[in-house]
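Please look over the model shown here. The paragraphs after it go through its chains, the contacts between them and a few single residues.

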Amino acid sequence: MDATMTAYAADTVSSIFAPVSTPAVKEADLAWFVLVLSAVVFVVVGGLIAYSVVRFRARAGDQRPEPPQVYGSAQVEAAWTAVPLIIILVLMLVTGRVIHEIQAAPEPPTAVEVTVVGKQWWWEIRYPKLGVVTANELHVPVSDSVTRRPTFLTLESADVAHSFWVPRVAGKTDLIPNRTARMWVEPHEPGTYLGQCAEYCGAQHTLMLLRVVADPPEEFDRWVQQQRRVAAAEPADSVAAAGRRVFLGTICVSCHAVAGTTASGRYGPDLTHLMSRATIAAGAAPNTREQLRAWIRNPDDLKHGVLMPAMQIDDKYLHELVEYLLTLR
Amino acid sequence: MTAIPVPSPTPPWTLPRRGPVGILLFILAESALFSVFVAAYCYYIGRSLTGPTPREVLHFPVLMTVCLLSSSLTVHLAGRALANGATARFLSYWLATVLLGAAFLAGTAREWRELIVVHHLTIHSNLFGSTYYALVGLHASHVIAGMVMLLTVAAFGLAGRVRPHHVDRTDVISIYWHFVDLVWIVVVTVVYIIGR
Amino acid sequence: MTTTQLPFAVSAKERAHPIFDPLQEWLETVDHKRLGILYIVFALVFLVIGGIEATLIRIQLAVADNHFLSAHTFNVLFTMHGTTMVFLVGMPILAGFANYLVPLQIGARDVAFPRLNSFGFWVTCFGGLLLNASFLTAPALLGGSGAPDVGWFGYAPLTEPAYTRGNATDYWVIGLIIVGIGSIAGAVNIATTIVTMRTKGMTLGRMPLYTWITLVVQCMILAAVSPLTAALILLLLDRGLGAHFFDTQAGGSAVLWQHFFWVFGHPEVYVLMLPGFGFLSEIIPVFSRKVIFGYPVMVAATIAIGFISVSVWAHHMFAVGMSPAANTFFAVSTGLVAVPTGIKLFNWLGTMWGGQIRLQTPMLFAIAVLLQFLVAGITGVMLAVVPFNWQLTDTYFVVAHFHFVLVGSLLFAIFGAVYYWYPKVTGRLMSERLGKWHFWLFLIGFNLTFIPQHFAGMLGMPRRVYTFLPERGLEIWNLVSSIGVAFQLAGGACFLWNLIRSYRRGAVAGNDPWDAWTLEWATSSPPPVYNFAELPVVGSRRPLWDLKHPEDPDWHYE
């Protein structure tokens, strides 16, 4: 995953201070306020500590008697109890307001509904109202002030705890088995924003990568239409057609689904529109012919610990299989 | 070292005895331990995906409760008797406590046998089974620990080796035993009243 | 003197075995000072082990897309690093200090339950060895490692048999239950000692602040460690007997584990940090030559922290999706902790103000704690701001925050305490020259390692990842962070060498090398087995001040 990864991961700084989506913007605004306040506190208190060390340090060979013993002062102590208390209370009032703004935001009727299911170590993404199933790359429409189109996410897990985090889009919300959580995103600029699982979830927590693709509304609608199509019954290319038989004839189908065929497994990502995605293995590698081939030959090479087994297919079949997958657009 | 100067007059100096303080601190830790088991029990009430349910299989353990609660009284009377120097009376109350504790454990054994053999409820069956055996089992294991202590003292008592000045030590056991009884009231309330 | 022949007596010749006799003495000892030293040496051994684990982690993360360690090995290392540092370094080293110092500070000859004390240490020791024995189990023979890889927090259901096959997690569960039993035994013992064994005149209001804090901490251990033990027992029932407490496939709750864990986990942070405050409250007055400023307020703040700390646990769970009301409650309670901790910081400042600050090694470490704890406290308040927390939690920002607490504050305070009390324990002073090397190397190394991690976190780097992708702006922060480790290792080496060298070659200390005021400095260095030939009677918080200034004793002002 070395050189190739560099190539497609360019320009991907995911700073929480470069927000492009409403919750992240509110969070960043509050963060700046807190940072400035903190800086003031640090400078004042740190300055007092540094000053007292320099000012009151004993010189070498100091022979002065013991300094005056001061046992305490009710006024001074009341002051340095009250000031922090006031700062904290102000901070917490602001905090409470922003919590409410984000968590209790009403869902407009124009919102897109998405269910994200965390699995070891990839993301299943379903649009129940639109009839779309995909993986690892969440497409959402860009929202503008005229027609707001936020996307509301229902977060679930099929196995252990995960956490959905795309820093420029929104803060984290956990995906926990036996529990449903909600969050929402509302990007204002088209683009691809990178994130990843933020709750330790086992061997490949690291390579459980995630991207949010914010499309302009028309493009998003086009994407939905394209994703709703089922796969072609028979690829035109004969090698790909042979690959389709390999696919349907091996154990692939028990974990993967391709709409329009008998393959309906849900344990692994849905492959109906595999080639519409930029990456494979939850972002561990770019989605190219070579990487697909390497991945199927031995997934563990790309992503150590991954649950997909090495398929032990000989080169001819592997070649056909990859040609078939390349037709799944 | 010259003596440290102190303001005069110095007030009298007494501190609590270490036995009761130690056991009370230990009970603080035990309370926290039980709290988690009780919290887990309460949280999972009615959340089992399969049967059997508490309503189907649990009966209020009247006799067990009477035994255990009255054993608190007997252990207290034993301590009073020992403090008054009545070692024979101490021993009879103490042995009564042992018998009541044993009766309680027998009751638990009977209940578990019925649940396992008749109703096929094990720790693996469902969430009710998991939480029930964990909480009641944790309490029963504390009763067993208490019984070991009671029996040890009883053995010394039968050998005629328990003297009135040992009341400091029997008090420690007594406090622990009261705690175990108190926990049983919580367990009964949660498992047999709220949980049904 | 005529010797009475005892049945077990050994002749002088047999007694003189150079290895086995001392070994037997140390194994059988019930002397609080020896057990204290055992605890501290045990913790230092594991500090080295945990440090090696951390070093491997930082080597792996020095550059992007590194393949120095496998994903699995990395997961094992961060799990064992966290578990080791909290349970096998932090807890035992503080138990060691409490054991050694409390009876001396309250003028007692031993602890309340010496045999329980010995039990507590050996149980802790056994638990630690058991946990680490997992490195050597069968998978290790096949080139892997059988050590646990579920994180020190062991979030359900990753710890359930369905997701962690083999016994690695069982080592973790059982090891921690055993260590927990040792902690509880130790806490019962120390707290009982403080309540029941104070020397004449040592009222609660005259106890040294370190002893006061230790009393509060022991109560917190009793209230906080047992819930962890309970939760681990439930997990063990899941793993061993097929119960379903955290088995989400049978209706169990993953969030319940999080609540149970953090009901322990957050008070635990204060259990670790408060004794550090205790060390500071002893060192800062002595090296500023002034009485502690606002003693009653310091005690009240300690108790307040103790109470507030049990109501803040869910601030580790802001991303779980709790209700806005719950999130706000835990934000406010967490923010409130800043008030009593702030009071402490200001009172230390008030103590230094107008004093004659002697910049010897213990005081250098104490001053560094003040500044570094200030950073830790401020980032802590940032993390309590829930919407900010949604971005920061589970990132390297949090890693940086709690290392500023546990290393920048606690470990620095412990270093200060070692330099301060080493002459009491061994009778010899540690080298000031090596001490200054240690201080500056460690100060630079620590800040190089952990300041950049704040930025890595804000740039989107999650915790517990074995590598990070290039060109996300993370390279420089991680590289600097790893370079800092080299300085910390060099500083740590100075410290260990100083400990060993000063034992034989350090300057003879005498009873009271720092011109201090609490009772431990009234007896010889090292103290005799019975601590005090004649039990002292005290009339104020600073008995040795009264002794040195009989014309102006403290009790006039308290």
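Two strands pair if DSSP finds at least two bridges between them. Helices (H or I, at least four residues) and strands (E, at least two) are themselves DSSP runs, numbered from the N terminus. This is a predicted model, in which local features need pLDDT of at least 70 and side-chain atom pairs count only at pLDDT 80 or more, while totals for chains, interfaces and linings use all residues. Residues are numbered from 1 along each chain as its sequence is written, and chains are lettered from A and ligands numbered from 1 in the order in which they are written.

Chain A is a place to begin. Tyr127(A) has Val132(A), in β3(A), as its bridge partner. Strand β2 (residues 122-127) of chain A is joined to β3(A) by four bridges, and the two run antiparallel. Both belong to an open sheet of five strands with mixed pairing, in the order β3-β2-β1-β5-β8 (chain A). At the edges stand β3 (132-135) and β8 of chain A; each has a single partner strand, so one side of each is left without a neighbour in the sheet. On average, neighbouring strands of this sheet are turned by 25 degrees against each other, direction ignored; the axes behind this angle are lines fitted to C-alpha atoms, for helices over the stretch in contact, and angles run from 0 to 180 degrees between N-to-C directions.

In total, chain A has eight helices and twelve strands. The radius of gyration of chain A is 27 Å, well over the 20 Å that the globule rule gives for 329 residues, so chain A is more spread out than a compact globule. This radius is taken over C-alpha atoms, and the globule rule is 2.2 Å times the number of residues to the power 0.38. Along the principal axes, the C-alpha atoms of chain A fill a box of roughly 100 × 55 × 35 Å. Of its 329 residues, 43% count as buried. A residue is buried if 20 or more other C-beta atoms lie within 10 Å of its own, exposed if 12 or fewer, and partly exposed in between, with C-beta atoms placed from the backbone.

Chain C is built otherwise: it has 17 helices and zero strands. Its radius of gyration is 24 Å, close to the 24 Å from the globule rule for 558 residues, so chain C is as compact as a globular protein of that length. The C-alpha trace of chain C spans about 70 × 60 × 45 Å along its principal axes, and 65% of the 558 residues count as buried.

One of the helices of chain C is α15 (residues 432-458). The expected span of a helix is 1.5 Å times one less than its number of residues. For the 27 residues of α15 in chain C this gives 39 Å, and the end C-alpha atoms are 39 Å apart, which agrees. Just after α15(C), Gly460(C) takes a positive phi of about 100 degrees.Another helix of chain C, α8 (residues 209-241), holds Trp212(C). Is Trp212(C) buried or exposed? Trp212(C) is buried, with 23 other C-beta atoms within 10 Å. Leaving aside residues up to four places away in sequence, Trp212(C) touches Met207(C), Val299(C) and Thr302(C). Here two residues are in contact if their C-beta atoms, placed from the backbone, lie within 7 Å. Trp212(C) and Met298(C) are 86 residues apart in sequence, and their C-alpha atoms are 9.6 Å apart in space.

Val117(B) is in helix α4 (residues 87-118) of chain B. Val117(B) is exposed, with 9 other C-beta atoms within 10 Å. Between Val117(B) and Ala88(B), 29 residues apart along the chain, the C-alpha separation is 43 Å.

The chains can now be put together. Which chains share the most contacts? Of the two pairs of chains in contact, these are chains A and C. In this pair, 81 residues of chain A are in contact with 74 residues of chain C. On the side of chain A that touches chain C, α1 (3-8), α2 (22-55), α3 (74-103), β7 (170-175) and β8 (181-185) of chain A each supply at least two residues. The largest share of that side, 16 residues, comes from α3(A). Its residues divide into 42 nonpolar, 25 polar and 14 charged. In this division Ala, Val, Leu, Ile, Met, Phe, Trp, Tyr, Cys and Pro count as nonpolar, Asp, Glu, Lys and Arg as charged, and the others, Gly among them, as polar.

Chain C also meets chain B, where 34 residues of chain B are in contact with 42 residues of chain C. On the side of chain B that touches chain C, α1 (18-43) and α5 (127-158) of chain B each supply at least two residues, and the largest share, 14 residues, comes from α1(B). The residues of that side divide into 23 nonpolar, eight polar and three charged. No contact joins chain A and chain B, whose closest C-alpha atoms lie 12 Å apart.
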